[in-house]
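This report describes selected side-chain contacts and surface features of the structure shown below.

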Amino acid sequence: MEDDNSPQTQSVDSNSSAVNASGVEEARKRDEGDPLSGFSTHFSLPDELYLEGNSLGPLSDAAEARLEEAIEQWRTLGIEGWSEADPSWFWYGERLGEKLAPLLGASPEECVATGTTTTNIHATISTFLDKCDDDKGILVNDLDFPSDHYAIRGQLRQRGLDPEDHLHIVESRDGRTIETDDIIAAMDENDIGIVFMPGVLYRSGQLFDIETITREAHERDIYAGFDLAHSVGAVPHDLSAHGVDFAVWCSYKYLNGGPGAVGGLYINERHFGTMPSLAGWWGHEKETQFDMELEFTPAQSAGGWQITAVPLFSSAPLLGSLELVHEAGIEPIREKSIELTDYLIALVDEQLEDCTVGTPRDSARRGGHVAIEHPDAYQVSQALRDSGAIVDYREPNVIRACPAPLYVSFEETYEFVQLLDEILESESYKSYESDASGVT
Ligand SMILES: Cc1ncc(COP(=O)(O)O)c(C=O)c1O
């Protein structure tokens, strides 16, 4: 796979030439041909342009209905809800796993809704470290989301392994992306037991080549795991066909499950029967869970990696929002996402000379958001929020803009770039605080 992604050396591709010349008419024409345009009516959106779907997806009517249904079940069924509710609360994580499986390219048993990205990293990394030889380390990269490293360092320390020696970090060449060849070159079977990479990088939005990374890892007897927080629901996955060992994700971004929604994990079926290292009663074989044996018998499925009782009210909205995702279809979602991000990139290239696109231009290497770089990105992101476009800022110079296919139109994407242009031209952003602090 071609990995050279230096934005400075790339030209605008033919798909995106001169999109601004025809302005808003072009955007409207694209919206007219969009098969997903009706889905935005399902979402409660603020008056502002909402380009934060890669951070926190909005509430949908379907999610709200499932949450209200769960509250009603609690009211009317009380404790009977564990068995009488539909789906029963006892099996809720597994039922959600069945609905998540097609998005991951997995069998229903290989997926479960549980925990959060970080707790699921603890649960899976600890299990796969147990399966490695004693002194094997973990391969990650220097553009990862920090929580992943915190958890992995903690797991290494638990085993008396110094992270300075056992956390191996692939370095980015350009500060934006990680080259597949560099990951492969760092896979030394003498030192590495697990390679753990993101599906999509949280800052630049680079999509990783999961198939190649997994294949190369397995050729060296290395396990391959992935953090799919920024790709699930935006990019179709094929984890089982690629033989991925394990994966984790959250549901509050493209899956619109709500703030702090239950996360998920994938365990390849060839690892069923492995003892989960962070065992808890919710991972017990369901049929005998209430025998209350003190010996842990794990479920022979991804469900075995659940630790604690299902958090119903952070799970129910996900059931509803997944209904919408399936109604739309992950392939059409991805198709529209590529068109929207191509369009956004082309507009930035044509119109905003002070900005650089830090996201790969090859759509096969891009997730669902676009990183727009500007030296005063924090100030600009605040000005955008105050002027009607909700985006976020990531250190050191990135404005992340996510035209999420289920509720963002081409016209809104066009309006966003006009707004950004106005803010940059007028320099109104200069009156904002330049020190980033708090939630950005
Ligand atoms: C790539 C990635 N990994 C991990 C996390 C942490 O997620 P959680 O709070 O679900 O543990 C995030 C949060 O945004 C993320 O984007």
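In this predicted model, ring pairs join Trp-82, Trp-89, Phe-90, Trp-91, Trp-281, Trp-282 and Phe-290 into a cluster. The count of aromatic pairs comes to 16. Two of the pairs involve Phe-128, and they are described next.

Phe-128 and Tyr-223 form an edge-to-face pair, with 5.1 Å from centre to centre and 70° between the planes. This pair links distant parts of the chain: Phe-128 belongs to helix α5, Tyr-223 lies in strand β6 (residues 223-227), and the two are 95 residues apart. Phe-128 and Tyr-223 are both buried. Phe-128 also pairs with Phe-246, here in a stacked arrangement with 4.6 Å from centre to centre and 20° between the planes. Distant parts of the chain are again linked, since Phe-246 is in strand β7 (residues 246-249), 118 residues from Phe-128 in helix α5. Phe-246 is buried, as is Phe-128.

The model has 24 salt bridges.

| Salt bridge | Distance, N to O |
|---|---|
| Lys-336 and Asp-34 | 2.6 Å |
| Glu-94 and Lys-286 | 3.9 Å |
| Arg-173 and Asp-182 | 2.7 Å |

The side chains of Lys-336 and Asp-34 meet in a salt bridge.

Glu-94 is buried because its relative accessible area is 12%, under the limit of 20%. Lys-286 also counts as buried, at 7% relative accessibility.

Arg-173, which meets Asp-182 in a salt bridge, is exposed, because its relative accessible area is 57%, over the limit of 50%. Salt bridges with shared partners also join Glu-25, Arg-28 and Glu-411 into one network.

On the surface, a patch of negative charge gathers Asp-133, Asp-134, Asp-135, Asp-188, Glu-189, Asp-191 and Asp-221. One of these residues, Asp-135, is located in the loop between α5 (117-131) and β3 (137-141). Asp-135 counts as partly exposed because its relative accessibility is 48%.

A further position is Thr-356, which is found in strand β9 (residues 356-357). Its relative accessibility is 28%, so Thr-356 counts as partly exposed. Thr-356 and Val-398 are separated by 42 residues in sequence and by 9.4 Å in space, C-alpha to C-alpha.

Methods: Residues are numbered from 1 along each chain as its sequence is written. This is a predicted model: local features need pLDDT of at least 70, side-chain atom pairs count only at pLDDT 80 or more; totals for chains, interfaces and linings use all residues. Side-chain values use heavy atoms; hydrogens and water are left out. Patches are made of residues with over 30% relative accessible area and no salt bridge: like charges are joined within 9 Å, nonpolar side chains (Val, Leu, Ile, Met, Phe, Trp, Tyr) within 5 Å. Accessible areas come from the Shrake-Rupley method with a 1.4 Å probe; for residues, only the protein chains shown count as cover. A salt bridge is a side-chain nitrogen of Lys or Arg within 4 Å of a carboxyl oxygen of Asp or Glu. Lys and Arg count as positive and Asp and Glu as negative; His and the chain ends are not counted. The place of a charge is taken as NZ of Lys, CZ of Arg, CG of Asp or CD of Glu. Helices (H or I, at least four residues) and strands (E, at least two) are DSSP runs, numbered from the N terminus. Buried means under 20% relative accessible area, exposed over 50%, partly exposed in between (1.4 Å probe, protein chains only). Rings of Phe, Tyr and Trp (its six-membered ring) pair if their centres lie within 6.5 Å; planes under 30 degrees apart count as stacked, over 60 as edge-to-face and the rest as tilted.
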